[in-house]
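Here is a short briefing for a reader who is new to this structure. Look over the sequence and the model first, then read on.

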Amino acid sequence: MPKPQLLVSHNEIPQAVIDSLTEKFDVQIIDKPMKATTKQDLLENIAGKFGLFFSYTTVVDEDVINTAGPSLKVISTTSMGYESVDLDAVKKRGIVLGNTVLETAQIVAECTIGLLIATTRNFLNVNKQMKSGILPTATSFGMGLTNSVVGIIGCGNIGIAVAQMLWPAFKLSELLYTSRKPKSEMECLGGQFVSVDDLVRRSDFIIVTAVLVPETKFIINKDRLALMKPNAVVINVGRGLLIDQNALIDALQEHRIRGAGLDVMTPEPLPLDSPLMTMESVVLLPHIAGRNTFEASMRKAQLAADNILAVLNNQPVPCEVKL
Ligand SMILES: O=C(O)[C@H](O)CO
């Protein structure tokens with residue numbers, strides 16, 4: 001009996017994971033790096049496939065789903081985010097969607113705290129100065145986390161993981177959060193469930209971890225930037241479009257807030273001539289929070305593969321997005 005067919009959307013998946021799939025599937029890999037795969041690549045290769053193994057940068061819309069045909073039973077992303085997927089089309093066809101939230105939250109939370117401290121304590125600038133023989137002066141001083149008010153926008157798995165690391169480790173004065181509804185994990189930590197306006201007005205550090213959906217696009221906009229304290233530092237590890245980036249650039253250029261640490265931005269990669277590239281108050285990372293450790297990239301890819309194998313074997317899917 002021929003094996004069912006599986007399409008892998010890029011060539012950055014660890015070989016051990018590919019091997020675990022090859023045992024059960026006839027695997028076809030699109031020989032391009034993750035960010036280079038286009039919708040056209042999927043359209044040309046997806047017909048007749050049982051599964052699609054992909055990453056968050058690949059568009060899986062109704063055309064792709066229709067071109068795959070009735071054989072398509074599961075799509076599984078190596079990321080936690082799945083905003084490139086047409087959820088209605090997937091749901092209508094009863095296709096299982098898998099992601100890797102179970103392996104992502106902790107690693108993103110670790111990186112968030114690193115980015116927060118690097119931004120507020122000016123690590124990059126003082127490092128550059130030191131390597132040029134310049135000693136630090138008060139202009140490079142920042143604000144510590146002790147006694148500060150931290151606000152977390154969007155308390156899903158990542159927001160909760162960030163709070164669970166920050167609250168016991170630093171003597172914060174207050175922990176504020178927004179979410180669709182109050183979260184018991186946050187209440188246990190003494191977190192206060194507040195409105196977004198209240199959060200941005202009161203916080204010294206604003207950490208954006210929300211998922212990108214139409215209601216959260218530009219959740220940090222010009223009006224909310226205007227409510228922030230002059231010492232506010234904004235950290236974004238969610239998606240670039242959660243922040244109106246032009247409004248953020250204006251606020252930073254006019255010194256209306258103190259800084260920003262961004263793992264995600266619009267577009268990615270950020271053009272070299274973006275004003276963010278040269279601002280001393282900004283720390284940029286190339287969207288690595290959820291994937292730049294060896295263990296995490298391996299575990300996330302294996303979990304995405306396990307989601308597909310579970311559908312094939314009619315077993316409970318370890319990390320399914322409930323639609
Ligand atoms: O969604 C995720 O898993 C990350 O943002 C990708 O690195």
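The points below cover the domains, the sheet, the ligand site and some backbone details.

This is a predicted model. The protein chain is divided into two parts, domain 1 and domain 2.

**Domains**

- Domain 1 is made of two stretches, 5-102 and 294-312.
- Domain 2 covers residues 105-284.
- The C-alpha centres of domain 1 and domain 2 are 32 Å apart.
- Where the domains meet, 7 residues of domain 1 are in contact with 7 residues of domain 2.

**Sheet**

- Strand β11 spans residues 259-262 and runs parallel to β12, joined to it by 3 bridges.
- Across from G261 stands V283, a residue of β12.

**Ligand site**

- Around the ligand are Y56, S79, M80, G81, T104, R239, H287, R291 and K300.
- This shell has 2 nonpolar, 4 polar and 3 charged residues.
- G81 takes part through its backbone: an N or O atom there lies 2.8 Å from an oxygen atom of the ligand.
- R239 uses its side chain, with a polar atom 2.7 Å from an oxygen atom of the ligand.
- H287 also places a polar side-chain atom 2.7 Å from an oxygen atom of the ligand.

**Backbone details**

- Most peptide bonds are trans, and most residues other than glycine have a negative phi.
- The bond from T266 to P267 is cis, with omega near -10°.
- The bond from E268 to P269 is cis as well, with omega near -5°.
- P267 is in the loop between β11 and β12, and P269 is found in the loop between β11 and β12 too.
- F218 is not a glycine, yet its phi is positive, near 55°.
- F218 sits in the loop that links β9 (205-208) and α10 (222-227).

How values were computed
Residues are numbered from 1 along each chain as its sequence is written. This is a predicted model: local features need pLDDT of at least 70, side-chain atom pairs count only at pLDDT 80 or more; totals for chains, interfaces and linings use all residues. Side-chain values use heavy atoms; hydrogens and water are left out. A residue is near a molecule or strand if one of its heavy atoms lies within 4 Å of it. A polar contact is a pair of N or O atoms within 3.5 Å; within protein, one must be able to donate a hydrogen and the other to accept it, and residues adjacent in sequence count only if both atoms are side-chain atoms. Ala, Val, Leu, Ile, Met, Phe, Trp, Tyr, Cys and Pro count as nonpolar, Asp, Glu, Lys and Arg as charged, and the others, Gly among them, as polar. Two strands pair if DSSP finds at least two bridges between them. Helices (H or I, at least four residues) and strands (E, at least two) are DSSP runs, numbered from the N terminus. Domain bounds come from an automatic or database domain assignment. Contact means heavy atoms within 4.5 Å.
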